[in-house]
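The paragraphs below go through this structure step by step, from confidence to chain contacts, then to one chain and one residue.

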Amino acid sequence: MIRVENLTVNYGAIRALDDVSVQANPGRVTAILGANGAGKSTLLRTISGLVAPKSGRVFFGDRSILSTSTENIARLGVAHVPEGRGVIYELTVEENLRLGAFASKVDIREGLEKQYTQFPVLGERRKKYCATLSGGERQMLAMARALISNPRVLLLDEPSLGLAPLVTSELMNLILELCHASDLTVLLVEQNAKSALRIAHDAVVLHLGTVVASGEADVIANDKNLRHYYLGLVQ
Amino acid sequence: MMSTFLASPIMHNIFAGLAQGVIYSLVALSLVIIWQSTHVLNFAQGAMAMFASYIGMTEIDRGLNYWFCLVVSLAVGFLFGGLTERILIRPLYGKPEINAIVVTVGFLGVIEAVAQAIWTSTTRNIATPLSQIYFHDQGRVVLLSPFVLFQFGLALGIMALVAVLFRFTNLGLKLRASALAPEVARLLGVRVNRMLTIGWMLSAGVGVVAAVIVASGSFGLYPSDMDGILIAGFIAAVVGGLDSPVGAVIGGLLIGIAEQFVLAYWSADLASLGGLIILVVALMIRPQGIFAKSVGRRV
Amino acid sequence: MKWFRSIVAQERTTARLTGVLAVTILTLAITFVLPPVADSQLAGGAAISIVILGLSWLVGWSGQISLGNSGFMAVGAYATGIWAVHHGSTPLIFTFFLATVIGAISGLIIAIPSTRLSGPYLAGMTLAFSAAISPIAQNYTSVTGGEGGLFFNTLTTPHWFLGLFSGQNATINANAQWTADLAVVVAGVAFFFMANLFHSHTGRAMRLVRDNDVAAELVGINLPRTRTVAFVVSAAFAGLGGSVYVLINATVNPSAFPLTLSITLLTLMVLGGIGTLSGAVIGGIIYAFSTNLISHLNSLTGINPTSNLGANMQGIIFGVLLILTMLFAPHGIAGLGRRLRFFVKSVRRVASVSTGE
Amino acid sequence: MKIGKRNRRVAALLCSSALALATASTGLIGASAGASTSTPGVTATSITIGASVPLSGIAASYASVSAAANAVFKYIDKLGGINGRKIKYIRLDDCYGLAAYGLGCTAGASTTPLSNNQELLAQDHVFATVGSLGTAAEMSVMSYLRQNNVPQLFVNSGSVEWNQPSSFPELFGYQTSYVAEGKIFAKYIKANFPTDTIGFIGQNDDFGATGLEGLKDGGITIPSADNLTYNAADAISGSTSDITADVSTLAQNKVPVVVLDAVPGFTYGILATAHALGYSPQWIISSVGSDPLSVNTPLEAGAVTLSYFPSTTDNADPWIPWLRKVLEEDPADFPKFNSSSVMSFNELYGAGYALAFAETLRAEGKNVTRGGFVKALTSMTLATPAITPLRFTGGNHQGMQGGAIATVNSNGTLAPTSVTVTKSVFTTTPFAGSSINSSNWIIAPIPSWLK
């Protein structure tokens, strides 16, 4: 569904991504792993059109979206939950959700009902300002806001950041469930490789802007070298 | 009883202060709309509104209806605001905020010079359909006239309209989101650039309402008629908090009344100090304006 | 003397002295070549450049914006004017000292309630100060001369200087050049002082506060005090500049210090380039000579300059130039030069990298 | 080549200084032209004079004053000039001395009356400044012009500052002083409203203060409650609140006669506010703020003012058709002026001082010096459109001494455009206690060389 070919991105004189190729398919969770500064977020931001690459190609299905604006990429059905969740604190829960619905032609009322059923906590707090929510609730809101527009691709940037292990685990299960239920293409950027690899079908390991490994998640998870040098997983 | 109260010196000053204050409020509101979305302090705001009111209101000389001219002025204001954002302001996004000050100051100079070149600096008298004669009560003047009441109504109506738009409509939600978190809004499919343009259009429209009220008043229409009012509007916006439309409106009214009371009970020369004192006191108590939402320092 | 050492850089003071001295002497030499009108304009430009430098320090180094510097300038100007009316014969150096100190005090008064403010709120607070000056000057007529202001004639050209000139307009030419030279020398002293300040302990602390106030606090910098010092220095420069400005004009009145002057100062500073000595010099040059450029451009349009359209064309050209400069040189004219150098350097580096591999 | 960091900074500053030199040079080409004879500004074929006047900004409506003077000079040049010399009149914009810092003012960042005068003296080498405008503006250049012995002629202001022959022997006023105007108003009030309370609204500067002085000197007492001033700076900022307060105070006290010393924009505001309050006293408006074309409202009809000129529509006065012809022949300054155009007092006012200058220059003869000019000016009778004598002596440099009481008409259109001037002229001096004389209307014959 999302195909990135030979992507190179520069920030001024610094090379953030160097000849990166990634493919993510429907019904599968693709984990993008690597240390801080590996270029994971840049990859997602480039897919969304927030960052203009130096060279390379980005496809949504068969359509090149390299010169498509961020707004239009979102309208195609790519939902991007940015780092820090992107919840707008000064708006209420419901306003945040309504905002999410503008990207598609979905009926707002129906969409809201659906999300409130899925996340009852949000329904209870619909009139509350987001500044008053807890970290877990904010993450739920970010997910709900991304899902309300019935996207075909979900880009998640460090969803586990700042969450308790138990909450992270629930969140990962939810991501997997959603992925299967609606044949969603999920690109999951995580520093927490362990949690991500638990649910991912495919995985890509980035290091200083280059792909050092990619393939089935199980294979990656069992590669000792990768575990040791790039994923920080030591047993 | 009631009527003598309305004609009392204190009410006299309150009405005079409010009449000036609603003008400040509108200008402050228009500055806040722009500040929220683009973080630009638009020094040309008053001049843009003046120019639009010249184009619209001088049509009265050709025998056209006042209300029609008001609508024309508004339309010109919308267009002017949108074009300004597109052509002059857009290249400045991401540049130091202070650059926008220079550009808008330059624009102010251009607009006023063009206005003087076209219409000269002689005052124009705008005939209003509503009487400007103040009401009398048992021989005593009540400082309200049909036009002043209309002025209050119009200002309140515009403020309510802006509030409803921002609070309860989808467009308003998109506008607020674009102002608060432009990147997030874009990721959610909101056409942020379009929203910024619409914000400038709305803001210019609100400014035009203020300029038309000023031009219709007893000092008429002339190219620099909004200069002092812009400064007072800016002060009002700062007092209320630049991210608070409600604060802008209340700030404007406060400044108008404060000026009037200094004038009446202290010295006419020092009238403008009334507003300045309010500003200093307000900022010493609340460094981000009275109605600012206190947002903690983000590290 | 700890405070003194903290605001004077210890290293390379001689180097800076040489630099400023070279430019001052060159400018003095230029005044001998310039026609008298340009000398008069240069005098005004030198006075304003001192004010711009003070503002540039405040905005560029401490990160605080001010719309109050026309007010500080007016304070120095009125101090000078009132002093000149009553004690016209005191040495000029004392007048300048007085204006600087009184300017600094006014800066202190404004700084104290302003240390918690930033951005447009600080702009508003300082604007309140500069906006209050004119009504106050108008109201207290017995001291300030009210609307009409004060008139004095303190700047007298010494005889030896007059002796350098001959011919029909000798006095006019000599006076014009004398005021220009005087203003340039005062500006030179001010620039030297600021050059040191930039590289002093206080200057470095200021930068840190601007870039990251939290980090600055962590390394033990007292935020309110640093911000206050920034204001006081800026106001002292404005006071000195205001003093030179009114001595040149031989009059001080409220209409010379409208609050729009603060906006003009900010504009000139941005056009020149924020936070640098050369930026302030360029700002002063723009102030002094932009009218010539504009008149020249206006004459190219072929419109009668005294007609309504022609007179206003002047303002249109001025505004358009402001806008174009900002669109094409967003870091000011000094920044344009820097960017050019950076560009040349990076081209060279790329070239050396590609050949070196 | 490697340049050290410090040297680069020096180099940058040097470049900036060079830039200064280059910029300064543009527009100054030909700076040393002229000045070949001993008198500055005078050559065998020309005489150069200048003025610093508002051409843009809030006082730009006065631009037509110096434009009319320029039209007269051009007309004279077409007739061959004065003693073979053409008059070159340089008018520089000073935005009314409101240091042109942007808002409402377009003369350029550093333009002031002083900088304009420096330019006139040092670059254009003018013989004299003629018809510069504004009290504060001209006061700021008095010393400079005196130091350089440059005549400062026919200052467009009613201040008494211009009449100091001992300290400023080359300084000459032009219009009737505000004090004299106040005294003449006082006489009119005493004759027509002997028992009424009188109110006053004046600008809080020299204009308002000396006007009030004149009223008092003429024996009018104004109750302190009805003696009000407005802030002159508000004229720039558009602040209206003190006007509303002033007018409503007078309205509450039901003051039947009000004297206004205001500029036209404020006259308009005061009349409109009074109308809104349902208050219509007899207005007595200073000549400075009464020109119907500038005030531009039918509310002015019936107001009394002082005029030193005949009505601009009075074609029986020979100067009116003469001036119309002069203006029509100068399309550069009066582009749309034709036989159906309306003339304002500004044009008569400007033509008046231009004629005074030309006639004096002619009387001085072929050999022109500044001293000779001043001597001629203080010893001759000037023929101008004024209905009151414009006369200077060694001891009196004020200019016109009085004027006639005039009434603003309403001619049925939106704006009143004509003024009826009574046929008797009052004259007096600004000095306390001096009497007011009534004399006949003067119609100075147009000198034959001007026809």
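pLDDT is the predictor's confidence in each residue, on a scale from 0 to 100. The model shown here is predicted, and chain C has an average pLDDT of 87. In chain C, 94% of the residues score at least 70. Where pLDDT is low, the predicted coordinates should not be read in detail. For the model, the scores are ipTM 0.85 and pTM 0.87.

Next come the contacts between chains. Four pairs of chains touch, and the pair with the most contacts is C and D. Chain A does not touch chain C, the nearest C-alpha atoms of the two being 10 Å apart. Chain A does not touch chain D either, and there the nearest C-alpha atoms are 23 Å apart.

Chains A and B do meet: the contact takes 18 residues from chain A and 15 residues from chain B. On the side of chain B that touches chain A, the elements giving two or more residues are α7 (170–180) and α8 (182–187) of chain B. The largest share of that side, five residues, is supplied by α7(B). Sorted by class, the side of chain B that touches chain A holds eight nonpolar residues, six charged residues and one polar residue.

Chain B can also be taken by itself. Its secondary structure consists of twelve helices and two strands. Read from the N terminus, the order of elements in chain B is α-α-α-α-α-β-β-α-α-α-α-α-α-α. Along the principal axes, the C-alpha atoms of chain B fill a box of roughly 65 × 50 × 35 Å. A compact globule with 299 residues would have a radius of gyration near 19 Å, and the 19 Å of chain B agrees with this. Of the 299 residues in chain B, 64% are buried. Among the contacts in chain B that join residues at least 6 apart in sequence, 70% are between residues at least 24 apart.

D:Asn117 lies in helix α3 of chain D, which covers residues 113–123. Is D:Asn117 buried or exposed? A residue is buried if 20 or more other C-beta atoms lie within 10 Å of its own; D:Asn117 has 28 C-beta neighbours inside 10 Å and therefore counts as buried. Leaving aside neighbours within four places in sequence, D:Asn117 is in contact with D:Ser52, D:Thr129, D:Val141, D:Tyr144 and D:Leu145. D:Leu92 is 25 residues from D:Asn117 in sequence, and the C-alpha atoms of the two are 8.8 Å apart in space.

Definitions and conventions: Residues are numbered from 1 along each chain as its sequence is written. Chains are lettered from A and ligands numbered from 1 in the order in which they are written. This is a predicted model: local features need pLDDT of at least 70, side-chain atom pairs count only at pLDDT 80 or more; totals for chains, interfaces and linings use all residues. Two residues are in contact if their C-beta atoms, placed from the backbone, lie within 7 Å. Helices (H or I, at least four residues) and strands (E, at least two) are DSSP runs, numbered from the N terminus. Ala, Val, Leu, Ile, Met, Phe, Trp, Tyr, Cys and Pro count as nonpolar, Asp, Glu, Lys and Arg as charged, and the others, Gly among them, as polar. The radius of gyration is taken over C-alpha atoms; the globule rule is 2.2 Å times the number of residues to the power 0.38. A residue is buried if 20 or more other C-beta atoms lie within 10 Å of its own, exposed if 12 or fewer, and partly exposed in between; C-beta atoms are placed from the backbone.
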